[in-house]
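Here is a short note for a colleague opening this entry for the first time. Please read the points with the viewer open.

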Amino acid sequence: MVLSASLHSLCIIPHTSQSKIPSIFNLLKSPLAKPHLKINPIFKPSSLSLFTQPSKLRPKTQNFRTPTIRSLFSGIVEEMGEIKQLGMADHGGFDLKIHAKTVIEDVHLGDSIAVNGTCLTVTDFDTHLGEFTVGLAPETLRKTSLSELEPGSLVNLERAIPPTGRMGGHFVQGHVDGTAEIVGKQVEGDSLWIKVKTDKNLLKYVVPKGFIAIDGTSLTVVDVFEEELCFNFMLVAYTRQKVVIPLKEIGQKVNLEVDILGKYVERLLSSGFVDSIKGSRFPETHNKN
């Protein structure tokens, strides 16, 4: 019990108890766990009350999460997760259940997590089992290499970073532009050369020494081979141990997201933006008779 004394009365407040391996198109083996909502009563004590000890009935508003803006990724993979289940869900879409350790530490429903560079939304999670579920749209399956995943496959994972977070790689939206096929792998010292082939519509945004996100990993392009529709990059020893790319074989696909700045520049140039700026700064002059 808690004693409460006010200017006019002394009352006793009783203590209240707190009450072959299947593909992605196969059905999930077990139904997804549904989130449970728990509503705690809120008590509003008198502003004149003096408590002899902290009341256990006070609402713990300090534990409520304050919404923050989380808008993009950096391409620095936090960990590799393992695919546990994938396939059709009860709601008619595709779900992907992933086992992880780091990214699930502070996960909330609706959070964005990049899975092999694809920005996906957390729809369910279980911190005790270390698992979270994300939904996959048909367009996501068509546009990315996620359709090649199987139970036991490893994937790159990265949480969305807040605006105040460190940008260790480059601006990565998690919006995959397309895929590339691994056509070559060669070891040099403790590093690994990888050569990939992609569509010419994507290759035009790939430049030597430029940024590119491959399976969500921020990497630097080394050379571009225009006639072969290929480019290559190198993974140092540390990166080889932290990402899934070296685990893939020749012929497998990787997700690509080209540098967004290049696409913005192309858009501005093709829209006549530069000409309009020139016209506004240097208007045509006409000689007056």
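1. Six strands close it in the order 10-11-14-13-12-15, with antiparallel pairing. The twist averages 45° from one strand to the next. Strands are DSSP runs (E, at least two residues), numbered from the N terminus. Two of them pair if DSSP finds at least two bridges between them.

2. A word on the basis. This is a predicted model: local features need pLDDT of at least 70, and side-chain atom pairs count only at pLDDT 80 or more, while totals for chains, interfaces and linings use all residues. Residues are numbered from 1 along each chain as its sequence is written, and side-chain values use heavy atoms, without hydrogens and water.

3. Look at strands 10 and 15. Residues 178-188 form strand 10 and residues 253-258 form strand 15; they pair antiparallel over four bridges. K253 in strand 15 stands opposite E181.

4. Six strands also close into a barrel in the order 4-5-8-7-6-9, again antiparallel. Here the twist averages 45° from one strand to the next. Strand 6 (residues 112-115) pairs with strand 9 (residues 154-159) over three bridges. R159 in strand 9 is the bridge partner of I113.

5. Which residues touch the most other members of the largest nonpolar core? They are I214, F231 and F233, in a set of 22 residues. Such a core joins buried (under 20% relative accessible area, 1.4 Å probe, protein chains only) Ala, Val, Leu, Ile, Met, Phe, Trp, Tyr and Cys residues through side-chain atoms within 4.5 Å. Another core, of 21 residues, lies apart from it and includes I83 and L149.

How values were computed
Axes fitted to C-alpha atoms, helices over the stretch in contact; angles between N-to-C directions. Buried < 20%, exposed > 50% of the residue type's maximum accessible area, 1.4 Å probe, protein only.
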